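Here is a brief report on one protein model.

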Amino acid sequence: MLWSVVVKYAARHLPAEMMSFIGISTSLVVVTLVAMRGPSWPWHPAIFLSMLGGILGAVSSLALYAALRTGPVSVVIPTAELYIGLSAVAGWMLLAEPINVRRGLGIVCSLIAVVLLVGKK
């Protein structure tokens, strides 16, 4: 919750590209410090998938900050958080991960919540 308020305030004053650069650069420093404490990393072809994940994360970061600049945090953040339910559905469809009744209800409830928050008054 605090994160969404902080970035919404920053989005009022900074362009999305600048916010993404600063946020990703700061994250890189933190992750680098943590990674330096661990074991060495073996080579694996999945490294390319990790790189693709980084590219997609950067694009989503730009989109989120651009949306926060123009939209209310009460609409942008719940809509952006739909990725949780959508990721569960993608995991079910592409990776054969199970979705039990409780998870299915959670996905449906998150969709209903976004519709109620974003819908017209």
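## Core, pocket and confidence

The largest nonpolar core has nine residues: Val7, Ala11, Ala16, Met19, Leu64, Tyr65, Leu68, Val76 and Ile77. Two or more of these residues come from each of α1 (2-11), α2 (16-36), α3 and α4. The top contributor is α3, with three residues. This is a predicted model.

Take Leu68, one of the core residues. Leaving aside residues up to four places away in sequence, Leu68 touches Val7, Lys8, Ala11, Val73, Val76 and Ile77.

Now the largest pocket. Its space comes to about 810 Å³. The lining has 25 residues, and those closest to the pocket centre are Gly54, Leu56, Gly57, Ala58 and Ser60. Both α3 (46-70) and α4 (73-80) supply at least two lining residues. Here α3 gives the most, with 15 residues.

The lining of the largest pocket divides by residue class as follows.

| Class | Lining residues |
|---|---|
| Nonpolar | 19 residues |
| Polar | five residues |

How confident is the prediction, and where is confidence lowest? The chain averages a pLDDT of 87, and 98% of the residues score at least 70. Confidence is lowest in α1, at a mean of 83. It is highest in α3, at 90. Where pLDDT is low, predicted coordinates should not be read in detail.

Note on methods
Residues are numbered from 1 along each chain as its sequence is written. This is a predicted model: local features need pLDDT of at least 70, side-chain atom pairs count only at pLDDT 80 or more; totals for chains, interfaces and linings use all residues. Side-chain values use heavy atoms; hydrogens and water are left out. On a 1 Å grid over the protein atoms alone, a cavity is a set of points where a 1.4 Å probe fits but cannot get out, and a pocket is an open set with protein on both sides within 12 Å along at least five of seven lines; lining residues have an atom within 4 Å of a point. Grid points are joined across faces, edges and corners, and a volume is the space filled by probe spheres set on the points. Helices (H or I, at least four residues) and strands (E, at least two) are DSSP runs, numbered from the N terminus. Ala, Val, Leu, Ile, Met, Phe, Trp, Tyr, Cys and Pro count as nonpolar, Asp, Glu, Lys and Arg as charged, and the others, Gly among them, as polar. A nonpolar core is a set of buried Ala, Val, Leu, Ile, Met, Phe, Trp, Tyr and Cys residues joined through side-chain atoms within 4.5 Å. Buried means under 20% relative accessible area, exposed over 50%, partly exposed in between (1.4 Å probe, protein chains only). Contact means heavy atoms within 4.5 Å. pLDDT is the predictor's confidence in each residue, from 0 to 100.
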